[in-house]
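The sequence and the structure are shown first.

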Amino acid sequence: MRYSKFFLPTLKEVPSEAEVVSHKLMLRAGMIRKLASGIYSYLPYGLKALRKVEQIVREEMNRADAQEVLLPMVQPAELWKETGRWEKYGRELLRFKDRHDRECCLGPTHEEVITDLVRREVRSYRDLPLNLYQIQTKFRDEIRPRFGLMRGREFVMKDAYSFDVDEEALDVTYRKMFDAYCHIFERCGLDFRPVEADTGTIGGHASHEFMVIADTGEDTIACCTKCSYAANVELAPVVNRGENLELPSESEEPLKKVSTVGMKRVEEVASCLKVKPDRLVKTLIFMADGKPVIALVRGDYDLNEIKLARYLGVENLELADEETIRHVTGAPSGFSGPVGLKERVRMVADYSVASLKNFVTGANEEDAHLVNVNWGRDAELPELADIRTITEKDPCPKCGGLIELKRGIEVGHIFKLGTKYSEKLGAFFLDSKGRERPLVMGCYGIGVGRTVAAAIEQNHDDKGIIFPVPIAPFQCIISVMNIKDEEMMQAGEVLYGDLLSLDIETLLDDRKERAGVKFKDAELLGIPLQIIVGKRIKEDGSVELCERASGRKEVLKAKEAPTAVKERIKHATGGACTRQ
């Protein structure tokens, strides 16, 4: 492709609307443009990167015996009502009525649609296993779309759905998908980790997220430095719970109430009372499926709402409003505690508070806290559970090694759904003994556009994007320093033809721009390899070959450059440009 003919509107300035690196660089590099909040148009350069990821996904899914379909984006409400998700999914589901007044929605996911398709066609165990996937546009009406493609309302996604005869067969399919996902992200040239995860609103009973490691990631993952264990902190269990620890040998001190005017935060109270945060107990009031619940955690730890909801077995968990807090404790928020509650409600404490002695809590009175609180004497020890977030001071749940917390961007998520959807939608089959049984399902998603954005979050510098070779829109750019110089331009044209003959995707910068502009644009676009055709071509027939990632430069004869480029691409893609 010739740059002069390519629709590539780059920007010099960082757009004010952009918050994260990928959003800034995708706008500046002419990859995307905003149409409306959370809705973007893909320009040619961005679409080429998207198609690269799609092709890798398609090849690995096909290799894993999945078959491609294309399902409708508009879905009838009847299907969602059959599963109960029409009411439960929330406002992210964009509902509307057609001209016949029939309720519909734009598909945020396709469990209902695919299950309806399969229940009409699959009758026997002989038709199984079956794994169907699509690469299609989804729509979720996010309340706060942000970060460009990282959290948009409209996005491109690969979603697959498997159907098996039983849980054992699902285990086999799930493993194949797990391996396929590892191959996909390896081929994309990304540093990633598969982590144990919560199933969220999709449901099911087992799940893994695939996280691209990046400092700007929204999620925190706990990784063991010794073994392969990795999990989202929302799910990672704390094994050093302290439930078997003896209480400190110190004697119980008299219970006292102290004034803490306007002090609600742990750090403020600890500083005022001259104690460490680990001697405080935070008391949080939640509404769990409409009922108030009290949760207690040590002051230096964070309560994990996902763990709490799983322990309570509830679907909806949210912090209580001020009115509820006053009703339960008799005081405003920030001064709650387990001693002398106004109303008796269920109370769950993290294991970390069980061994505390002479600790500090809110006094259930405005501007006051209690010191020297002790279990048994001042309050009954509540039911105990692991409801806090793991830290780097905790051991690995698998091997006892050191835990390291990293930031990650979720680009893929796989679930074992079981029979949640097949039973509700009546998707049954006849087994080998003629018995009717529900199909056992799995669900497997990849954010295709999000993967491109995550790659940029992981691979960039202050000059621009650094694309991994496998998903780069172009593999090489030829920068002709002066197109008015016939010798330079002719050398650029010859190189361009030679590279294309080797099936190397090449952008020839034949614009009437200064050399400095061409250098800056090449760095911004992040094309892995650059051939600079300048004065050397006239002096000794040489060009300069530059690597965007390493910054390494090499001077070589122009006729040798195409082979050198081919070899470097081969090395970067593991031996071939595509995995066959």
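Is the crossing of helix 2 and helix 6 left-handed or right-handed? In this predicted model, helix 2 and helix 6 cross in the right-handed sense. Helix 2 spans residues 44–63 and helix 6 spans residues 167–187; their axes lie 9 Å apart and the packing angle is about 150°. Roughly antiparallel is counted from angles over 145 degrees, so helix 2 is roughly antiparallel to helix 6.

On the side of helix 2, the contact is formed by I56, V57, E59, E60, M61 and R63. Helix 6 contributes M177, A180, Y181, H183, I184 and R187. By class, the residues of this contact are seven nonpolar, one polar and four charged.

The second topic is strand 19. This strand covers residues 368–373, and six of its six residues are buried, so strand 19 is largely enclosed by the rest of the structure.

| Strand paired with strand 19 | Residues | Sense | Bridges |
|---|---|---|---|
| Strand 13 | 256–259 | antiparallel | four |
| Strand 18 | 359–362 | antiparallel | three |

Individual residue pairs can be named for each pairing. V258 is opposite H369 of strand 19, while F359 has V373 of strand 19 as its bridge partner. Strand 18 and strand 19 form a hairpin with five residues between the strands. N364 in this hairpin adopts a positive phi near 55°.

Definitions and conventions: Residues numbered from 1 in each chain as written. Predicted model: local features only at pLDDT ≥ 70, side-chain atom pairs only at ≥ 80, totals over all residues. Heavy atoms only, no water. Buried < 20%, exposed > 50% of the residue type's maximum accessible area, 1.4 Å probe, protein only. Helix = DSSP H or I, 4+ residues; strand = E, 2+ residues; numbered from the N terminus. Pairing = 2+ DSSP bridges. Axes fitted to C-alpha atoms, helices over the stretch in contact; angles between N-to-C directions. Parallel < 35°, antiparallel > 145°, perpendicular 65-115°, else oblique. Left-handed = near helix turned anticlockwise from the far one by under 90°. Contact = heavy atoms within 4.5 Å. Nonpolar A, V, L, I, M, F, W, Y, C, P; charged D, E, K, R; others polar.
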